[in-house]
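User: I would like to learn how to read side-chain features in a model, taking one idea at a time. Could we work through some cases together?

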Amino acid sequence: MPAATAPAERKVTRPRADALRNRERIVAAAREMFVEHGPEVPIDEVARRAGVGNATVYRNFPDRDALVREVVCSVMDRTAEAAELALAESGDAFTALEHFVHAAADERIGALCPMVSSTFDQHHPDLVASRERVERLIEEVMGRAKAAGRLRPDVGVGDLMIAVGQLSRPPAGTDCLRGDRFVHRLLQLFLDGLRAPARSALPGEALSIRELRAS
């Protein structure tokens, strides 16, 4: 009786290194152009900035919604990593918050996330997972600074993210690099106003993440 042959091993298809690099370049180019011009920027302009052809863009992202979602999710994931680094710092809790805020501004999180409500299904599981992770981590970073008495208690996560979004968004019609000259200077002015003890009372109430989503 012939010996049974072992089943052939299935080869796992992995993206080629150049394909991964192209995808990363597309996402990076789209992030810059969405910040500068909004999510309706022509796909061929994204392809041109990324240095790839239109077919390469559509091979990775079948439609505009898929591309916008990938950009927003990748930005939120990178921002979450910055928050984790802040939480891992062993020094002053407010300094860790400062490091996080500047890193979040570099990722354009505040300028990109408003696209979620207007361009695609905001309940997509990838988006929900990225959003819940980053929101939880930001609350932890701020909570630690408040517990240390270093962050004024009348500020919510929504307040922080609106300010980061407004201050990190370049003026209409200007590119990201030109706007970057001023972003971190203005952010530091804002951060100095967050320190405890507060020098004045803020009007209204602290804005939570839930209220930010509903606004």
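User: Is glutamate 45 buried, partly exposed or exposed?

Analyst: A word on the source first: this is a predicted model, in which local features need pLDDT of at least 70 and side-chain atom pairs count only at pLDDT 80 or more, while totals for chains, interfaces and linings use all residues. Residues are numbered from 1 along each chain as its sequence is written, and side-chain values use heavy atoms, with hydrogens and water left out. As to the general idea, buried means under 20% relative accessible area, exposed means over 50%, and partly exposed lies in between (1.4 Å probe, protein chains only). Glutamate 45 has 31% relative accessibility and therefore counts as partly exposed.

User: With which residue does the side chain of glutamate 45 meet in a salt bridge?

Analyst: A salt bridge is a side-chain nitrogen of Lys or Arg within 4 Å of a carboxyl oxygen of Asp or Glu. Here the partner of glutamate 45 is arginine 48, at 2.7 Å from N to O, and arginine 48 is exposed, with a relative accessible area of 54%.

User: Where do arginine 48 and glutamate 45 lie?

Analyst: Helices (H or I, at least four residues) and strands (E, at least two) are DSSP runs, numbered from the N terminus. Both residues belong to helix α2 (residues 43–50), where 3 residues, about one turn of the helix, separate arginine 48 from glutamate 45. In helix α8 (residues 125–147), arginine 136 and glutamate 140 are 4 residues apart, again about one turn, and their side chains form a salt bridge of 3.3 Å, N to O.

User: How many salt bridges does a search of the whole structure find?

Analyst: The search finds 11. Among them is the pair of arginine 152 and aspartate 154, whose closest N and O atoms are 2.7 Å apart; arginine 152 is buried at 5% relative accessible area, whereas aspartate 154 is partly exposed at 26%. Salt bridges also link Arg31, Arg78 and Glu107 in a network.

User: Which side chain does a polar contact join to that of histidine 102?

Analyst: A polar contact is a pair of N or O atoms within 3.5 Å; within protein, one must be able to donate a hydrogen and the other to accept it, and residues adjacent in sequence count only if both atoms are side-chain atoms. For histidine 102 the partner is glutamine 188, at 2.9 Å. Histidine 102 sits in helix α5 (residues 93–107) and counts as buried because its relative accessibility is 17%.
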